[in-house]
Amino acid sequence: MIAHLRGTVAGVAPDGAVIEVGGVGMRVQCTPGTLATLKPGEPAQVATSLVVREDSLTLYGFTSDDERNVFELLQTASGVGPRLALAMLAVHSPDALRRAVSTEDLGALTMVPGIGRKGAQRIVLEMKDRLGPPGESSDSLPFRTAPRAPSWRDQVQSGLVNLGWPPREAEQAIAALEDEGVIDDADSGAGVDVATVLRAALRKLSRP
């Protein structure tokens, strides 16, 4: 198993990044929050999980061991594959997922595209004794935080589209957050946390 990668970020795309390790470019799929910490040309280390299928080998990357461990635990629930597990971590932090499961907060779980009420109930039932209580996490990797990519709006919109929202609705949600003053320094991108904005946009899009 490939537990982590340490190398230079060779490129970043909306749904993943390429990290060069020993002259080999390793492609890892990541959440928008993880991608926001990676910058081409900068060194980085990500915890990884290798998903093996008959026709593919897919490497997923995370900012911490805890996030990787939660990703793997989520897949032990019925109907939860790697893509849905990654979407859950794109919407919620590991502790937020633990809190949602331990308190049976179905509303928080159904914020994730692809999870309905019945699916949320099944996840709560199957994961309540596996994820542990909030605050119970593994030690984080010594991850190098790089400057945020300047195109925060593109990253947020791409993240929403990758999670199943139409581009027009994604752009409208971002604009609404700007109008409400949720995003500071939007023109320059300074101080904009892509992961936080993504979660705020998802909350807005999930409202009836």
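Student: What makes Arg 199 the charged one?

Tutor: Arg is on the list of residues that count as charged, while Ala, Val and Leu count as nonpolar.

Student: And why are helix 3 and helix 9 called roughly perpendicular?

Tutor: The axes of helix 3 (residues 82-91) and helix 9 (residues 194-206) cross at roughly 100 degrees and come within 8 Å. Angles of 65 to 115 degrees count as roughly perpendicular, and helix 3 and helix 9 are therefore described that way.

Student: Why is helix 2 called oblique to helix 4?

Tutor: Here the axes of helix 2 (residues 65-74) and helix 4 (residues 94-102) come within 9 Å and cross at roughly 40 degrees. Roughly parallel needs an angle under 35 degrees, and roughly perpendicular starts at 65, so helix 2 is oblique to helix 4. On the helix 2 side the contact is made by Asp 66, Glu 67, Val 70 and Leu 74, and on the helix 4 side by Pro 94, Leu 97 and Arg 98. That contact has 4 nonpolar, no polar and 3 charged residues.

Student: How do you know that strand 1 and strand 2 pair?

Tutor: Pairing requires at least two bridges, and strand 1 (residues 4-13) and strand 2 (residues 16-21) have 5 bridges in the antiparallel sense. One of the bridges joins Val 12 to Ala 17 in strand 2. The hairpin that joins strand 1 to strand 2 runs through 2 residues.

Student: What about strand 2 and strand 3: how many bridges do they have?

Tutor: Strand 2 and strand 3 (residues 24-29) pair over 6 bridges, again antiparallel, and Val 18 has Arg 27 as its partner in strand 3. These strands form a hairpin with 2 residues between them, and Gly 22 in the turn has a positive phi of about 60 degrees.

Student: Where does pLDDT stay under 50?

Tutor: Residues 138-150 are one such stretch, with 35 contacts beyond four places in sequence in the model. Residues 185-190 are also below 50, with 6 contacts beyond near neighbours in sequence. Where pLDDT is low, the predicted coordinates should not be read in detail. For the chain, pLDDT averages 82, and 85% of the residues score at least 70.

Conventions
Residues are numbered from 1 along each chain as its sequence is written. This is a predicted model: local features need pLDDT of at least 70, side-chain atom pairs count only at pLDDT 80 or more; totals for chains, interfaces and linings use all residues. Side-chain values use heavy atoms; hydrogens and water are left out. Axes are lines fitted to C-alpha atoms, for helices over the stretch in contact, and angles run from 0 to 180 degrees between N-to-C directions. Helices (H or I, at least four residues) and strands (E, at least two) are DSSP runs, numbered from the N terminus. Angles under 35 degrees count as roughly parallel, over 145 as roughly antiparallel, 65 to 115 as roughly perpendicular and the rest as oblique. pLDDT is the predictor's confidence in each residue, from 0 to 100. Contact means heavy atoms within 4.5 Å.
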